[in-house]
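Keep the sequence and the model side by side while reading.

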Amino acid sequence: MSENAYAKSGVDVEAGYEVVERIKKHVAKTKRLGAMGALGGFGGLFDLSQLNVKEPVLVSGTDGVGTKLMLAIKYDKHDTIGQDCVAMCVNDIIAAGAEPLYFLDYIATGKNKPEKLEQVIAGVADGCVLAGAALIGGETAEMPGMYDDDDYDLAGFAVGIAEKSELIDGSKVSEGDVLLGLASSGIHSNGYSLVRRVFKDYNGDEQLEELEGKALKDVLLEPTRIYVKSVLPLVKKGLVNGIAHITGGGFVENVPRMFSDDLAAVIEEDKIPVLPIFKAIEKYGQIKHAEMFEIFNMGIGLVLAVKPEHVDEIKALIDEPVYEIGHIVKKENQSVVIK
């Protein structure tokens, strides 16, 4: 092979080196207790002995951001999609009562464009800061022929830790528990195959009446909210019996994942702060109202099941609106009843 054989096949090794140099400053701001080693090793290192955990249980999560990526590419906006990837992983971890420790990302692209990939990873680093997790490694794969030059895919992997006694596994949820909802920032990172179909004939600059003056593309790319710093103190105080991260499948699929099969959740729709974007999706997509709750978060990104006597204390501890959206009952037919 000649010296430039790999480049002729479509892989730019020098661009890969440039990406590593560009992202070092972003990775540095995510450093936390336990993080070890420097960027560029064969494996990310984390020292659990630095943590004061007597009976440590590791909790892991992995996810991507689905076809929301296609809108980031379409609108050429790449600085927030990384936060989406982190959020999808760490919000699942906090749902088990665990504190996120570290995160790794994987990016596959048709052509390595260092400036664009730096934006993506800067978003990942921003998400890690919000989650209190160290970005300890990752991989960028240039795959010409698999992806078009402007295309890329993004996935992540996170690990958290919890005291065994503090794990949230649904066993503590019981009849009479109150369901508290924490607001979402928008659509988050699911349902975008439907969202893209609904708005396929829009260029993204439209300011739909329902969106209160915001451009459609800005609303569609609003990054997924990260709930770690709001919820972890509640977990440490033993105030939470169950947590549901409302992602794909909406309320109907995700809420029952936090309690046993003999229980059900009653959700009061009028207590949910439905965001304008969901009203627009329902209207322009001509989607049945009930189906919206089977697909989207509707304005609530995380649901907590708590004892009634803990509600006031939780509201005092969280510096944001907390919505009482329902309660737990004995199951009769459905696992989730929306009324």
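G64 stands opposite A155, a residue of strand β6. This is a predicted model, where local features need pLDDT of at least 70, side-chain atom pairs count only at pLDDT 80 or more, and totals for chains, interfaces and linings use all residues. Residues are numbered from 1 along each chain as its sequence is written, and side-chain values use heavy atoms, with hydrogens and water left out.

**Strand β6 and its partners**

Strand β6 covers residues 152-163. Strand β3 (residues 56-64) pairs with β6 in the antiparallel sense, over 9 bridges. Strand β4 (residues 99-109) also runs antiparallel to β6, and 10 bridges join the two. Here T109 has Y152 of β6 as its bridge partner. Two strands count as paired if DSSP finds at least two bridges between them. Is β6 enclosed or open? Of its 12 residues, 9 are buried, so β6 is largely enclosed by the rest of the structure. Buried means under 20% relative accessible area, exposed means over 50%, and partly exposed lies in between (1.4 Å probe, protein chains only).

**Selected residues**

| Residue | Relative accessible area | Class |
|---|---|---|
| Q83 | 15% | buried |
| N297 | 0% | buried |
| M298 | 1% | buried |
| G238 | 47% | partly exposed |
| D76 | 58% | exposed |

Q83 sits in helix α4 (residues 81-94). Its contacts, leaving out residues up to four places away in sequence, are G123, V124, G127, L130, P223, T224 and I226. Contact means heavy atoms within 4.5 Å.

N297 lies in the loop between α11 (289-292) and β10 (300-306). Which residues does N297 touch, beyond its neighbours within four places in sequence? They are S184, G186, I187, H188, I246, F251 and F278. S184 is 113 residues from N297 along the chain, yet their C-alpha atoms are separated by 7.4 Å.

M298 belongs to the loop between α11 and β10. Its phi is positive, about 60°, although M298 is not a glycine. D76 is not a glycine either, and has a positive phi of about 55°. D76 is placed in the loop between α3 (68-74) and α4. Most residues other than glycine have a negative phi.

G238 is in the loop between α8 (228-236) and β8 (242-245).

**The whole protein**

The secondary structure comes to 12 helices and 12 strands. Helices (H or I, at least four residues) and strands (E, at least two) are DSSP runs, numbered from the N terminus. The C-alpha trace spans about 70 × 55 × 35 Å along its principal axes.

How does the radius of gyration fit a compact globule? With 339 residues, such a globule would have a value near 20 Å; the protein has 21 Å, which agrees. The radius is taken over C-alpha atoms, and the globule rule is 2.2 Å times the number of residues to the power 0.38.

Buried residues make up 51% of the 339. Among contacts between residues at least 6 apart in sequence, 84% join residues at least 24 apart.
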